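Please look through the sequence and the model below, and then follow the description from the ligand site to the sheet and its helix.

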Amino acid sequence: MSGDTTGQPQDDCLFCKIVAGEIPATLVRETETTVAFRDINPQAPTHVLVIPKAHHKDAAALAAADPALTADVLRETAAVAEQEQLESYRTVFNTGAGAGQTVWHAHAHVIGGRGLQWPPG
Ligand code: 5GP
Ligand code: ZN
């Protein structure tokens, strides 16, 4: 598990490899500090992941280590929604295995393009 909150690329991290271009992804947007790409297993017509380029293991670690970068990620979720012309959408940070986190590099899911139920499962 890429558990270190160092901000440095982790050799065993899938999303660090996407940032480095070592694993292909369908890019939606890119900024100096973030990348947005389509989820490989979409749960809705639009399902985009927004990640910081720097490695942090989850949203809590990211927020603690780098508030400005956290804001960059959140701002980009809104930019993705606008670009994808989503009137309504959900921004999700799964944090911890019990909440469904499977990749240990902080990421926001931007999900939309269909009706979404509340409460979530
Ligand atoms: P989590 O379950 O950690 O909140 O979200 C990880 C997400 O990454 C999942 O929705 C999963 O489908 C997506 N994912 C896993 N591997 C890849 C990959 O190689 N490429 C892309 N684009 N998405 C991936
Ligand atoms: Zn990483």
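In this predicted model, a polar backbone atom of Val-103 lies 3.0 Å from an oxygen atom of ligand 1. Side chains also take part in polar contacts with the ligand: a polar side-chain atom of Asp-39 is found 2.5 Å from an oxygen atom of ligand 1, and a polar side-chain atom of Asn-94 is placed 2.9 Å from an oxygen atom of ligand 1. The protein buries 83% of the 520 Å² that ligand 1 exposes when it is taken alone. Around ligand 1 there are 15 residues, of which Arg-38, Asp-39, Gly-100, Thr-102 and His-109 come nearest.

From the ligand site we can turn to the sheet. Five strands form an open sheet in the order β1-β2-β3-β5-β4, and their pairing is antiparallel. At its edges stand β1, residues 27-30, and β4, residues 89-92, each of which pairs on one side only. On average, and with direction ignored, neighbouring strands of this sheet are turned by 20 degrees against each other.

Strand β1 and strand β2, the latter spanning residues 34-38, run antiparallel and are joined by three bridges, and Glu-30 stands opposite Val-35 in β2. Helix α3, which covers residues 67-83, packs on the sheet and touches β1, β2, β3 (46-52), β4 and β5 (108-112). The direction of helix α3 makes about 155 degrees with that of β3.

Technical notes
Residues are numbered from 1 along each chain as its sequence is written. Chains are lettered from A and ligands numbered from 1 in the order in which they are written. This is a predicted model: local features need pLDDT of at least 70, side-chain atom pairs count only at pLDDT 80 or more; totals for chains, interfaces and linings use all residues. Side-chain values use heavy atoms; hydrogens and water are left out. Two strands pair if DSSP finds at least two bridges between them. Helices (H or I, at least four residues) and strands (E, at least two) are DSSP runs, numbered from the N terminus. Axes are lines fitted to C-alpha atoms, for helices over the stretch in contact, and angles run from 0 to 180 degrees between N-to-C directions. Contact means heavy atoms within 4.5 Å. A residue is near a molecule or strand if one of its heavy atoms lies within 4 Å of it. A polar contact is a pair of N or O atoms within 3.5 Å; within protein, one must be able to donate a hydrogen and the other to accept it, and residues adjacent in sequence count only if both atoms are side-chain atoms. Accessible areas come from the Shrake-Rupley method with a 1.4 Å probe; for residues, only the protein chains shown count as cover.
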